[in-house]
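Let's walk through a protein structure together, one step at a time. Keep the picture open beside you while you read, and look up each residue as we come to it.

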Amino acid sequence: MTKKKILIKTPAKINLGLRVKELRPDGYHEIATTMQMVGLFDELTFETIEKGIEIVTEGEVIKNGEENIIYKAYKILKKETEDIGVRIRLKKNIPVASGLGGGSSDGAATLVGLNMLWGLNFNKKKLMHFGSRLGSDVPFFLFGPSAHAKGRGDILTPVKPLNAWVLLVKPSFAVSTSWAYNNYNRLREKEQDTKLLTKRRDSIKLPRFNKRFGEYINDLERVTGSKYPVISSIKKELIDSGAEISLMSGSGSTVFGIFSEKKSAEDASRRFKGYKVFVVKTLKELPY
């Protein structure tokens, strides 16, 4: 057996707005969001072995074994090839359960890596089809670097990538996506006036971006922010430090600020002692 080895760096994303709509029959919500890849990467190495799969992880991983999205991606593509084994090493840099899409990104990268390693030659459209079986955000990580997403997040339309520096601020707690959406549903049931759920709240006008991406509103902030008031505190601190806009990404807990200059973002990062902070650039193209 000829051994091959492939390294893939797979990025995080931020949500430039997230509107949550009705619950679908399949259990997902209809959403509208714009996602943008940023330069914070997990690293996955793929290497052929005699048979089976070995997954070696470095850093924080939320699920192991057959529940891991890397394993699930492997199972999907394993049906398409002969009995060729693989060792996958994951260096986890994107915080887990942070609203940055790290798990979905890893799932997408696994589809790409195995497609290359095993010489399957599936095109992007086919890989996106496989990815939709892994999770709502996975197709985006095969489509990006930026897109408007509808449906359950898998109906994608390309948009011009944002050209900016981003300061990511991650508090110590993690937020489960399912918890956020379940509590959003409970909140909807309690509210007599459901318009309150989508009312614009402390969003920042940014005309040159708004024309492209729409308003910067994340409906899930109402849920995550009510349990963790520090979300609002971080947003305010980011704006006070010069960010042109600040928003929670996904279901949280990461909050981001957008800056036009790297130095401004780096200066602002020094205000956030005790948090995980990353100064990253928005991506202009897919990294793989």
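We can begin with the overall plan: the chain folds into 10 helices and 10 strands. What you see is a predicted model, so please read every value here as computed from that prediction. The chain has 288 residues, and 52% of them are buried. Its accessible surface is about 13800 Å², and carbon and sulfur atoms account for 48% of that area. How do the parts of the chain meet? Take the contacts between residues at least 6 apart in sequence: 75% of these join residues at least 24 apart.

Now let's go inside. The largest nonpolar core contains 38 residues. Which elements build it? At least two residues each come from the strands β1 (5-23), β2 (29-49), β4 (85-91) and β5 (146-150), and likewise from the helices α1 (69-78), α2 (102-117), α3 (124-132) and α4 (138-143). Helix α1 gives the largest share, with 7 residues.

Setting aside residues up to four places away in sequence, Leu111 touches Ala73, Leu77, Leu127, Phe130, Gly131, Leu134 and Leu142. Apart from this core lies another one, made of 24 residues, with Leu18, Phe173, Val175 and Leu220 among them.

Next come the aromatic rings. A pair of aromatic rings is described by the distance of the centres and the angle of the planes. In this chain there are 6 aromatic pairs. One of them joins Tyr71 and Tyr74, whose ring centres are 5.9 Å apart and whose planes make an angle of 45 degrees, a tilted arrangement. Because they are 3 residues apart in helix α1, Tyr71 and Tyr74 are separated by about one helical turn. Are these two tyrosines buried or exposed? Both Tyr71 and Tyr74 are buried. Together with Trp118, Tyr71 and Tyr74 make up one aromatic cluster.

Phe173 and Tyr228 are stacked, with 3.7 Å from centre to centre and 10 degrees between the planes. This pair links distant parts of the chain, as its members are 55 residues apart. Phe173 belongs to the loop between β7 (165-170) and α5 (177-190), and Tyr228 to the loop between α8 (221-227) and α9 (230-240). Phe173 and Tyr228 are both buried.

Let's move on to a loop, the one between α2 and α3, where you will find Leu120. Is Leu120 buried or exposed? Its relative accessibility is 15%, so Leu120 counts as buried. What does Leu120 contact, once neighbours within four places in sequence are left aside? The partners are Leu77, Glu80, Thr81, Leu114 and Asn115. One of these, Glu80, is 40 residues from Leu120 in sequence, yet their C-alpha atoms are 7.8 Å apart in space.

Our last stop is the backbone. Most residues other than glycine have a negative phi, and most peptide bonds are trans. With that in mind, here are some exceptions to look up. Asn121, in the loop between α2 and α3, has a positive phi near 60 degrees and is not a glycine. At 69% relative accessibility, Asn121 counts as exposed. Ala97 has a positive phi too, of about 50 degrees, and is placed in the loop between β4 and α2. Ala97 counts as partly exposed because its relative accessibility is 23%.

Two peptide bonds deserve a look as well. The bond from Gly144 to Pro145 is cis, with omega near 15 degrees, and Pro145 sits in the loop between α4 and β5. The bond from Gly252 to Ser253 is also cis, with omega near 15 degrees. You can find Ser253 in the loop between β8 (245-248) and β9 (255-259).

How values were computed. Residues are numbered from 1 along each chain as its sequence is written. This is a predicted model: local features need pLDDT of at least 70, side-chain atom pairs count only at pLDDT 80 or more; totals for chains, interfaces and linings use all residues. Side-chain values use heavy atoms; hydrogens and water are left out. A nonpolar core is a set of buried Ala, Val, Leu, Ile, Met, Phe, Trp, Tyr and Cys residues joined through side-chain atoms within 4.5 Å. Buried means under 20% relative accessible area, exposed over 50%, partly exposed in between (1.4 Å probe, protein chains only). Helices (H or I, at least four residues) and strands (E, at least two) are DSSP runs, numbered from the N terminus. Contact means heavy atoms within 4.5 Å. Accessible areas come from the Shrake-Rupley method with a 1.4 Å probe; for residues, only the protein chains shown count as cover. Rings of Phe, Tyr and Trp (its six-membered ring) pair if their centres lie within 6.5 Å; planes under 30 degrees apart count as stacked, over 60 as edge-to-face and the rest as tilted.
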